[in-house]
Amino acid sequence: MSPAHWIYLLGLAALIATVVARKNVVGLAVCGTFVTALVYSGSVTTGIAAVFNAGIVAARELLPIFLIIAIVTAMLGAMRGLGADLMMVRPLQRLVRNGHVAYLVLAVVTYLLSMSFWPTPVLPLIAAILLPAAVRVGLPPLAAAIAIAITGQGMALSSDYIMGVASGLSAQGAHVPAGAIADRALIISLIAGVVALGVSYLRDVRTKLLDPVVAAAATLDLAAAGDGDVRAEAHGETRRAAGGEDGGGATATLTATGPAGPDEEPAKPGVRARIVAVAVPLAFAVLLAVMLLGRFTSLVPDIDDGQGAPLVGGTAALALVAVAVVADRRNWLQSCADHFTDGVGFAFRTMGVVIPIAGFVYVGLSDYSAEILGMPDGAKGPALLLDAIGHVQDHIPHVPVFASFAMLLVGMVIGLDGNGWPGLPFTGSLAGELGHAAGADPATLAAIAQNGASWTGGGTLVIWSSLIVVAGLTGVPVIDLARRLFVPVVSGLVVATAVAAVAL
């Protein structure tokens, strides 16, 4: 391998070491991009330009994710103005009777909402309604954060079964139907999630429920946070979300309306709020039913691979307009603009830090490196990461089980960018090569890597991901949350990968 390969790999290793040292990695990613491009090209100007080009490429590739988060957040913001978001989940509060049940209810509701609307946009809603109710009956905030992260940032995001963005990216390289990858990714994510939830319950929930006095105090803290801005900041001198240490590279500011206090009656919703609270979930339920019927039956035409995200995003945008009109017919135009602006701001506050980190990862992927390095059109860029893994690939036994765990490890390394998805075309290509060599199903290998990348970078193990938003909303240190998630999540991924290697 060339010096550029070693510089790039050293950069990845430095990212991991920096995380262990509880420091921010954005500056390191920028320096890594510059040095890698400088060593590869031998030109200082190319190295400098590569830093900017990497950001442009990363922003372009991640824009669909940012836009989905922005639109769904805008829609939920419009619903919040009517109080319809509270109505949508308030009946679920009746199910929360004790800490054990609260853990299960919080996990199930987070999973279902995250599958439909994506995890990050629904976090304010969950934190405002279900979280105080769960803590009030004795569930520790850390246990609540674990349940939310595992089911939302882990299970829902790693399968991305409804929108299909992740499986579409994986299919680009694997050259297999995205639907086949999505089906396997769903099964793997469910197995990993159930195992992770079980391990966390035995370790962090079953014996650590709060007594009534402590629970009441914790509930008041959460309600007070819900009345204003809930901030999760982990850079510079900001210490609160990181438990006194520099936690990672994200700053997230969420605003969520807190629920009624324990001695207060919730405000009676109006007719318009009732209509919106029923109509919006019904619209998404119909869309989901059509998508599932098209995938598994011949009753309706099958929706093309990769159309899930546009359909959900378009539905959310139309719902935003409809809710704005219902809420205020005179000022609905301005209301739509305001909510959309808030949604875009929220998306970039929570996920914008991923751009320079993803840009560094892209330098090692041949599909993007040529543009980052300013090479002529049509030129083939270097595949620094693929080349490095290719050297290891020859030493991987051509046995499905070994190939499966190799793909899991590769996926987790790809997930170090704090997102997990930019490298999915690469893991898909590797899955195709390893699958044919080892006699394993490429779709299964791609789904394993997709889970490894998503669980790691999507928000359960990497602290500069949306995990910091979960930590900020629940009021727990992000470092502590990541540490408590490590064993359950890794255990779940190992078990799920073993099952997939044998049964899928």
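Biologist: Let's start with Cys31. Is that cysteine buried, partly exposed or exposed?

Modeller: Cys31 has a relative accessible area of 47%, so it counts as partly exposed. Keep in mind that this is a predicted model.

Biologist: And what about Cys336, buried or exposed?

Modeller: Buried means under 20% relative accessible area. Cys336 comes in at 11%, so it is buried.

Biologist: How many disulfides are there, then?

Modeller: You look for a pair of cysteine sulfur atoms within 2.5 Å. By that rule, the count is zero.

Biologist: Okay, helices next. How do I judge the length of α19?

Modeller: Compare its end-to-end reach with what you'd expect at 1.5 Å a residue. Helix α19 runs over residues 442–460, which is 19 residues, and its first and last C-alpha atoms are 26 Å apart.

Biologist: Where does α19 bend?

Modeller: Have a look at Ser454: the helix bends there by about 30°.

Biologist: Why do we call α19 largely enclosed by the rest of the structure?

Modeller: Just check its residues one by one. Of the 19 in α19, 19 are buried, so the rest of the structure largely encloses this helix.

Biologist: How many residues of α20 are buried?

Modeller: Eight of eight, across residues 467–474, and that makes α20 mostly covered. Among them are Leu467, Ile468, Val469 and Thr474.

Biologist: Now the surface. Which residues make the nonpolar patch?

Modeller: Val399, Val401, Phe402, Phe405, Val494 and Val502 make it, and the patch covers about 500 Å².

Biologist: Which helix gives the largest share of that patch?

Modeller: That's α17, with three residues. Both α17 (400–414) and α21 (478–503) supply at least two residues each.

Biologist: Can we zoom in on Phe402? Where does it sit?

Modeller: Phe402 sits in helix α17. Its relative accessibility is 48%, so we call Phe402 partly exposed.

Biologist: How far apart are Val135 and Gly99?

Modeller: There are two ways to say it. In sequence, Val135 and Gly99 are 36 residues apart; in space, their C-alpha atoms are 7.5 Å apart.

Notes. Residues are numbered from 1 along each chain as its sequence is written. This is a predicted model: local features need pLDDT of at least 70, side-chain atom pairs count only at pLDDT 80 or more; totals for chains, interfaces and linings use all residues. Side-chain values use heavy atoms; hydrogens and water are left out. Buried means under 20% relative accessible area, exposed over 50%, partly exposed in between (1.4 Å probe, protein chains only). Helices (H or I, at least four residues) and strands (E, at least two) are DSSP runs, numbered from the N terminus. The expected span of a helix is 1.5 Å times one less than its number of residues. The bend at a residue is the angle between axes fitted to the seven residues ending there and the seven starting there. Patches are made of residues with over 30% relative accessible area and no salt bridge: like charges are joined within 9 Å, nonpolar side chains (Val, Leu, Ile, Met, Phe, Trp, Tyr) within 5 Å. Accessible areas come from the Shrake-Rupley method with a 1.4 Å probe; for residues, only the protein chains shown count as cover. A salt bridge is a side-chain nitrogen of Lys or Arg within 4 Å of a carboxyl oxygen of Asp or Glu.
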